[in-house]
Amino acid sequence: MKLTISDLYDLDHTMAKDYLRQFTYPWEALAGIGDMILSLGAALSEDEYDHPEDGVWVARDAKVYPTAYLGAPCIIGHKTEVRPGAFIRGSALVGDGCVVGNSTELKNVILFDNVQVPHYNYVGDSILGYKSHMGAGSITSNVKSDKLPVVIHNEGEEIETGRKKVGAMLGDYVEVGCNSVLNPGTVIGRDASVYPTSCVRGVVPERCIYKAKGNIAAKKQ
């Protein structure tokens, strides 16, 4: 299966491209997201970004509703919309043209450009690729019930992450159906889709449709 950063993402669609190039696998980048945001933010143009408080940068052409909460460190990209009641807890790099919806919570994440998490989503310790979309009520679960370090399950291979908190790694153009749960350490390949109300664990190959456990079909060309 294709699990590397270069397999999953076009790095030209994120401000974090130089940071991500340091790593082989996306979950390796989770530990330093907060520091990376602070470094990027310090170099942003004051003509293009407001700096309403320490550790928070918001593009001047973004729309952030008054009841949204922006916790440091975070960057909100150009023409992104952060809707009423959104809760950005911190360590969130939100790209250009994104939608962070009502009652959506973000924590320790990288959202590439044009990502949509528009309705009642929880996204934690995760990286969402270019133009990926999470349907209403879909969430990333980032901690195992036994609190042990997360393992990536890949066709019989067990890849140790060494982290207790790992959410989901979504490649570019991924579609996640409404009310789905992506279990800790889920990796979804480029241009793959997940049926609504799914419970996903492990790796979904690129350009496939996840219908149910053990039922994954290749997309028709």
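These exercises walk through the structure shown above, each with a worked solution.

The model is predicted, so local features need pLDDT of at least 70 and side-chain atom pairs count only at pLDDT 80 or more, while totals for chains, interfaces and linings use all residues. Residues are numbered from 1 along each chain as its sequence is written, and side-chain values use heavy atoms, leaving out hydrogens and water.

**Exercise 1. Overall build**

Task: Find how many helices and strands the protein has, and why its radius of gyration agrees with a compact globule.

Solution: 
- Start with DSSP runs: helices are H or I of at least four residues, strands are E of at least two, numbered from the N terminus.
- The protein has three helices and 24 strands.
- Next, take the radius of gyration over C-alpha atoms; the globule rule is 2.2 Å times the number of residues to the power 0.38.
- For 221 residues the rule gives a value near 17 Å, and the protein has 16 Å, so the two agree.
- The C-alpha trace spans about 50 × 40 × 30 Å along the principal axes.

**Exercise 2. Burial**

Task: State what percentage of the 221 residues is buried.

Solution: 
- Apply the cut-offs: buried is under 20% relative accessible area, exposed is over 50%, and partly exposed lies in between (1.4 Å probe, protein chains only).
- Buried residues make up 52% of the 221 residues.

**Exercise 3. Cysteines**

Solution: 
- A disulfide is a covalent bond between the sulfur atoms of two cysteines.
- Cys-199 is exposed, because its relative accessible area is 52%.
- Cys-208 is buried, because its relative accessible area is 11%.

**Exercise 4. Pro-149**

Task: Locate Pro-149 and list what Pro-149 touches.

Solution: 
- Pro-149 sits in the loop between strand 13 (139-140) and strand 14 (151-154).
- Pro-149 is partly exposed, because its relative accessible area is 33%.
- Contact means heavy atoms within 4.5 Å.
- Leaving aside residues up to four places away in sequence, Pro-149 touches Lys-144, Gly-162, Arg-163 and Lys-164.
- Pro-84 is 65 residues from Pro-149 along the chain, and their C-alpha atoms are separated by 34 Å.
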